[in-house]
Amino acid sequence: MTAAGPSDSNQNHSERAPSSELIDAINQVFALFRINYHNQYHSAFGDVGTLNQAKRLWVESLQRFSPDAILRGAKKAIEESEYLPTLHKMIGFCQGSPELHGLPDVHSAYIEACQAPSPKAEYSWSHPAVYHAGKLSDWYFLSSNVERVAFPVFRDHYRTLCDRVVRGETLPPPEIKRLPEKTETPLSKDENLERLAALRDQLGL
């Protein structure tokens, strides 16, 4: 089987080159699909040229995921769908359910963001994505606008953050800003006496 991967000599070198692990994962995925969707597979990829074009497209579109996530997505597709998945469907299978990543549904996240007390960074959030979506939406905007105005803004930020999480990114926890502790060097006995003398002078003692 021809290895999947970009073959265009004019490919933009600034783009990340696919790893051998990614290419191997895509080849394994197509092998699994060939076995499980035999007739559909051969109908969709009837010749080597079409097959290799499809592999290149899948490599480019799925390189956001780890090879393990891609293989898990393929097995999930086989278990849940009797039809050969499109690339769009495969992306969904690779992402998995947001709930599996501890992410609340978007409306629950919105309610949490609106009701969380200040200081926001010190609140015990169900997931950092909720905090960051609220911060990007602007806390004042969320509190001063009705849901039909504020919710779409929060929803878009939250979904973007959820996509990052399901792709394997770990969002940073809220940054709690604390005042720096004052560390003063204790005065020596002579310095204390000098300060006391200066104070007496000021008071005319």
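Guide: A residue is called buried here if its relative accessible area is under 20%, exposed if over 50%, and partly exposed in between (1.4 Å probe, protein chains only). This is a predicted model, in which local features need pLDDT of at least 70 and side-chain atom pairs count only at pLDDT 80 or more, while totals for chains, interfaces and linings use all residues. Residues are numbered from 1 along each chain as its sequence is written, and side-chain values use heavy atoms, with hydrogens and water left out.

Visitor: Why is Y41 called buried?

Guide: Y41 has a relative accessible area of 3%, so Y41 is buried. F45, at 15% relative accessibility, is therefore counted as buried too.

Visitor: What makes Y41 and F45 an edge-to-face pair?

Guide: Rings of Phe, Tyr and Trp (its six-membered ring) pair if their centres lie within 6.5 Å, with planes under 30 degrees apart counted as stacked, over 60 as edge-to-face and the rest as tilted. That rule gives 12 aromatic pairs. For Y41 and F45 the ring centres are 5.1 Å apart and the planes stand at 70 degrees, so the pair is edge-to-face.

Visitor: How do you know that W125 and W139 are stacked?

Guide: Their centres are 5.7 Å apart and the angle between the planes is 25 degrees, so W125 and W139 form a stacked pair. The pair links distant parts of the chain, since W125 lies in the loop between α6 (106–115) and α7 (128–137), whereas W139 belongs to helix α8 (residues 139–144), 14 residues away; helices (H or I, at least four residues) and strands (E, at least two) are DSSP runs, numbered from the N terminus. W125 itself has 12% relative accessibility and therefore counts as buried.

Visitor: Which residues does L161 contact beyond its neighbours within four places in sequence?

Guide: Taking contact as heavy atoms within 4.5 Å, L161 touches A129, H132, A133, L136 and L171. L161 is found in helix α9 (residues 147–166), and at 3% relative accessible area L161 is buried.

Visitor: Why are α4 and α5 called roughly perpendicular?

Guide: The axes of helix α4 (residues 67–80) and helix α5 (residues 87–95) come within 8 Å and cross at roughly 110 degrees. Angles under 35 degrees count as roughly parallel, over 145 as roughly antiparallel, 65 to 115 as roughly perpendicular and the rest as oblique, and therefore α4 and α5 are roughly perpendicular to each other. These axes are lines fitted to C-alpha atoms, for helices over the stretch in contact, with angles running from 0 to 180 degrees between N-to-C directions.

Visitor: Which residues make the contact between α4 and α5?

Guide: A69, I70, G73, A74, K76, A77 and E80 of α4 meet M90, F93 and C94 of α5.
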